[in-house]
Amino acid sequence: MHSMPSVSIVGAAGYTGQETLDRVLAHPQLELVAVGSSSLAGRPATALDPRLNRNGTSQVPVFVANDAALAAGADVTFLCLSHEEAAALEPPAEGVVVDLSGAHRLHDPSQYERWYGFTHPRPGDLAQWVYGLPELVEGTGRLIANPGCYATATLLALAPLKGAIEPGSVVVDAKSGMTGAGRTLKPSTHAGFVLENVSPYKVGEHQHVPEIAQLLGFPVSFTPHLLPVRRGLIATCNVRSTGPDLRALLERAYAASEVVTVLPEGVAPELSRVQHTDTAEIGVFTDRFTDRTIVICAEDNLGKGAAGQAIQNVNRAFGFGDTTGLRLPGVLV
Ligand SMILES: NC(=O)c1ccc[n+]([C@@H]2O[C@H](COP(=O)([O-])OP(=O)(O)OC[C@H]3O[C@@H](n4cnc5c(N)ncnc54)[C@H](OP(=O)(O)O)[C@@H]3O)[C@@H](O)[C@H]2O)c1
């Protein structure tokens with residue numbers, strides 16, 4: 001009998017690691033063999049979450065150090081680490097590797113100094129990594145760079161319009177829930193700062209701009225904001241068409257997708273409909289006064305913006321159905 005691909009998660013104790021873990025456990029064609037965490041090594045899965053001990057028997061192996069998870073020889077390795085940690089490691093020589101950090105998304109190594117603040121330690125390796133945005137990038141590879149959460153929403157809204165919008169006209173206003181900043185506590189993610197507040201940050205200098213530009217072919221003016229909610233992300237993209245019907249282009253691009261929905265005319269995306277799902281919603285509006293087009297994309301930063309997309313990339317690499325193991329929405333979720 002053919003066994004299922006084995007999975008190791010490196011950095012399983014962070015937000016994206018935890019979300020990836022949950023999806024792997026729910027996936028009918030993947031078998032979890034190793035979970036890595038430097039802080040939880042040697043401890044049972046229940047140290048992360050008591051719900052991982054359903055019926056008294058843990059479904060998850062005991063945590064090992066991240067190095068051991070990396071060396072587990074799994075058919076699929078998810079890297080859920082910081083950009084700098086992921087950039088420094090030698091990826092496993094075999095099996096599919098999906099890096100959820102930004103360490104392998106940019107082709108040009110010099111961009112890392114400018115946007116990420118570190119010199120890429122393995123610049124020669126970057127060309128081997130495929131940018132894994134399944135709806136927009138054809139083909140796959142063994143080494144997959146999972147796109148950033150803001151980049152995913154922005155590119156889902158704009159990439160099908162490439163060639164139909166004025167490059168210099170694009171302004172993106174984006175907002176994300178607090179989990180987008182990761183689990184590690186910082187003054188800017190402290191409840192006392194975030195609650196009852198909305199704060200713009202990294203204005204005009206967010207590190208997802210270069211990966212957006214890499215796929216679109218031109219940069220966009222981008223302002224992220226931190227929202228006082230746990231999860232979910234909305235990118236409002238304001239563009240000028242060069243003539244074509246932009247709604248028609250988006251509807252065509254996602255006609256066959258079960259993950260991305262273009263909403264009917266007059267209907268705007270809502271955070272609450274995409275939270276806890278791996279889907280994205282797109283709304284298209286014409287500004288009556290300026291004749292510009294406003295394309296709004298909503299997703300869950302930890303779903304389509306991270307772990308959901310990572311699973312989609314594995315599904316594609318192994319020829320499983322595109323939505324196998326994904327969290328698709330019901331109604332009133
Ligand atoms: N969060 C998102 O929405 C999102 C979306 C797309 C991509 N990403 C990218 O994915 C990568 C991982 O992001 P993340 O959000 O999962 O980061 P995170 O929550 O900060 O977790 C990263 C690592 O921090 C350690 N950690 C966990 N809990 C901690 C705590 N309470 N205090 C201190 N350290 C703790 C864990 O490592 P040890 O147990 O080994 O110490 C964990 O693997 C990053 O490169 C990020 O940019 C994130």
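Where is the place of Gly17? Select this residue first, and keep in mind throughout that the model is predicted. Gly17 sits in helix H1, and with a relative accessible area of 0% it counts as buried, because the cut-off for that class is under 20%. Display the residues around Gly17 and, leaving aside those up to four places away in sequence, you will find that Gly17 touches Ile9, Gly11, Ala12 and Cys80. If you then draw a distance from Gly17 to Val130, C-alpha to C-alpha, the two are 20 Å apart in space, and they are 113 residues apart in sequence.

Now widen the selection to the helix itself. H1 takes in residues 15-26, 12 residues in total, and from its first C-alpha to its last it reaches 17 Å, which is close to the 16 Å expected at 1.5 Å a residue. Colour Gly17, Glu19, Thr20, Leu21, Arg23 and Val24, which are buried in H1.

Next, select the ligand and show its surroundings. How many residues surround the ligand? There are 26, and the closest are Thr16, Ser37, Ser38, Ser39 and Arg183. Both H1 and H10 contribute to this shell, each supplying at least two residues. Colouring the shell by residue class gives 8 nonpolar, 16 polar and 2 charged residues.

Zoom in on the polar atoms of the ligand. The side chain of Ser37 has an N or O atom 2.6 Å from an oxygen atom of the ligand, and for the side chain of Ser38 an N or O atom likewise lies 2.6 Å from a ligand oxygen. At Arg183, show the backbone, where a polar atom is 2.7 Å from an oxygen atom of the ligand. Of the 890 Å² of accessible area that the ligand has on its own, the protein covers 78%.

Move on to Thr279, in the loop that runs between helix H9 (271-274) and strand E12 (280-286). Is Thr279 buried or exposed? Its relative accessible area is 6%, so Thr279 is classed as buried. Show side chains here, and a polar contact of 2.7 Å can be drawn between those of Thr279 and Thr277. Beyond residues up to four places away in sequence, Thr279 touches Glu258, Val259, Val274, Ala298, Glu299, Asp300, Lys304, Arg327, Leu328 and Pro329.

The last two stops concern backbone angles. Select Lys202, in the loop between strand E8 (199-200) and helix H7 (209-216), where phi is positive, at about 45°, although the residue is not a glycine. Lys202 counts as partly exposed, because its relative accessibility is 39%. Finally, select Asp291, in the loop between E12 and strand E13 (293-299). Phi of Asp291 is near 65°, again a positive value in a residue other than glycine, and at 59% relative accessibility Asp291 counts as exposed.

Methods. Residues numbered from 1 in each chain as written. Predicted model: local features only at pLDDT ≥ 70, side-chain atom pairs only at ≥ 80, totals over all residues. Heavy atoms only, no water. Helix = DSSP H or I, 4+ residues; strand = E, 2+ residues; numbered from the N terminus. Buried < 20%, exposed > 50% of the residue type's maximum accessible area, 1.4 Å probe, protein only. Polar contact = N/O pair within 3.5 Å; in protein donor to acceptor, adjacent residues only side chain to side chain. Contact = heavy atoms within 4.5 Å. Expected span 1.5 Å × (residues − 1). Near = heavy atom within 4 Å. Areas by Shrake-Rupley, 256 points an atom, 1.4 Å probe, with all protein chains shown as cover. Nonpolar A, V, L, I, M, F, W, Y, C, P; charged D, E, K, R; others polar.
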